[in-house]
Amino acid sequence: MLRQLLLSIPLILFMNDAFALDCSVMNEQVKKKAVPVIPRWALMVKSKQRVYFHSAPNDACKIKGLFIIHSDNVTAYDLYKDKNKQEWVSVIYYSKRQDLESEIVEGWVKLNEFENLGSDSLIHP
């Protein structure tokens with residue numbers, strides 16, 4: 001019995017890796033289905049919580065340590081609705097950090113955490 005259990009562990013680990021989400025592949029597939037936002041939207045974080053960037057529009061693709069906060073502004077480029085009807089937007093954020101010349105951050109965020117400022121007031125560095 002113990003031998004069978006020990007032999008099955010590598011198989012379980014392999015199967016787990018085989019079903020793991022590949023965020024970069026998902027992002028490439030989503031880009032083909034996403035709807036371009038034209039004219040671009042200026043969005044402001046309305047959430048009081050941190051809004052994390054994702055490398056693909058899926059909660060499993062959250063980029064740890066990369067987030068924006070209440071009142072930060074982004075520019076939306078693409079819109080995507082996942083199978084759960086959650087709306088995601090591909091955005092660009094221009095960092096205001098003093099120690100960076102003009103850091104640009106790109107990623108996916110959940111649209112419901114933002115207020116739409118319209119297309120007149122696009123955010124540029």
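Tutor: Buried means under 20% relative accessible area. In this predicted model, buried residues make up 31% of the 125 residues in the protein chain.

Student: Why is Asp72 called buried?

Tutor: Asp72 has 13% relative accessibility. The cut-off for buried is under 20%. Asp72 therefore counts as buried. Asp72 sits in the loop between strand 3 (62–68) and strand 4.

Student: What does Asp72 touch, not counting residues up to four places away in sequence?

Tutor: Asp72 touches Leu43, Met44, Val45 and Tyr93.

Student: And why does Glu106 count as exposed?

Tutor: Exposed means over 50%. Glu106 has 57% relative accessibility, so Glu106 counts as exposed. Glu106 belongs to strand 6.

Student: What makes Phe53 a contact of Glu106?

Tutor: Contact means heavy atoms within 4.5 Å. With residues up to four places away in sequence left out, Glu106 touches Phe53, Val91 and Ile92. Glu106 and Phe53 are 53 residues apart along the chain, yet 7.8 Å separates their C-alpha atoms.

Student: Why is Lys81 called partly exposed?

Tutor: Check both limits. Buried is under 20%, exposed is over 50%, and partly exposed lies in between. Lys81 has 46% relative accessibility, so Lys81 counts as partly exposed. Lys81 is in strand 4. Beyond its neighbours within four places in sequence, Lys81 is in contact with Gln86 and Glu87.

Student: How far is Lys81 from Leu111 in space?

Tutor: C-alpha to C-alpha, Lys81 and Leu111 are 9.8 Å apart. In sequence they are 30 residues apart.

Student: What makes a set of residues a nonpolar core?

Tutor: The members are buried, of the listed nonpolar kinds, and joined through side-chain atoms within 4.5 Å. The largest nonpolar core has 14 residues. Leu43, Ile68, Val91 and Phe114 touch the most other members.

Student: Which strand gives the most to this core?

Tutor: Strand 5 does, with 3 residues.

Student: What is Ile68 in contact with, leaving aside its neighbours within four places in sequence?

Tutor: Ile68 is in contact with Val45, Arg50, Val51, Phe53, Val74, Tyr93 and Phe114.

Student: How much space lies in the largest pocket?

Tutor: About 270 Å³. Of the 15 residues that line the largest pocket, Met26, Pro57, Asn58, Asp82 and Lys83 are the closest to its centre. By class, the lining has 6 nonpolar, 4 polar and 5 charged residues. Helix 2 (residues 23–33) gives the most to this lining, with 4 residues.

Student: How many helices and strands does the protein chain have?

Tutor: The protein chain has 2 helices and 7 strands. From the N terminus on, the order is α-α-β-β-β-β-β-β-β.

Student: How do you know where confidence is lowest?

Tutor: Look at pLDDT, which runs from 0 to 100. Helix 1 (residues 2–18) has the lowest confidence, at a mean of 41. Strand 2 has the highest, at 97. Over residues 1–19 the pLDDT is below 50.

Student: What does the protein chain average?

Tutor: The average pLDDT is 82, and 74% of the residues score at least 70.

Note on methods
Residues numbered from 1 in each chain as written. Predicted model: local features only at pLDDT ≥ 70, side-chain atom pairs only at ≥ 80, totals over all residues. Heavy atoms only, no water. 1 Å grid on protein atoms, 1.4 Å probe; cavity = no way out; pocket = protein on both sides within 12 Å on 5 of 7 lines; lining within 4 Å. Points joined across faces, edges and corners; volume = space filled by probe spheres on them. Nonpolar A, V, L, I, M, F, W, Y, C, P; charged D, E, K, R; others polar. Buried < 20%, exposed > 50% of the residue type's maximum accessible area, 1.4 Å probe, protein only. pLDDT = per-residue confidence, 0-100.
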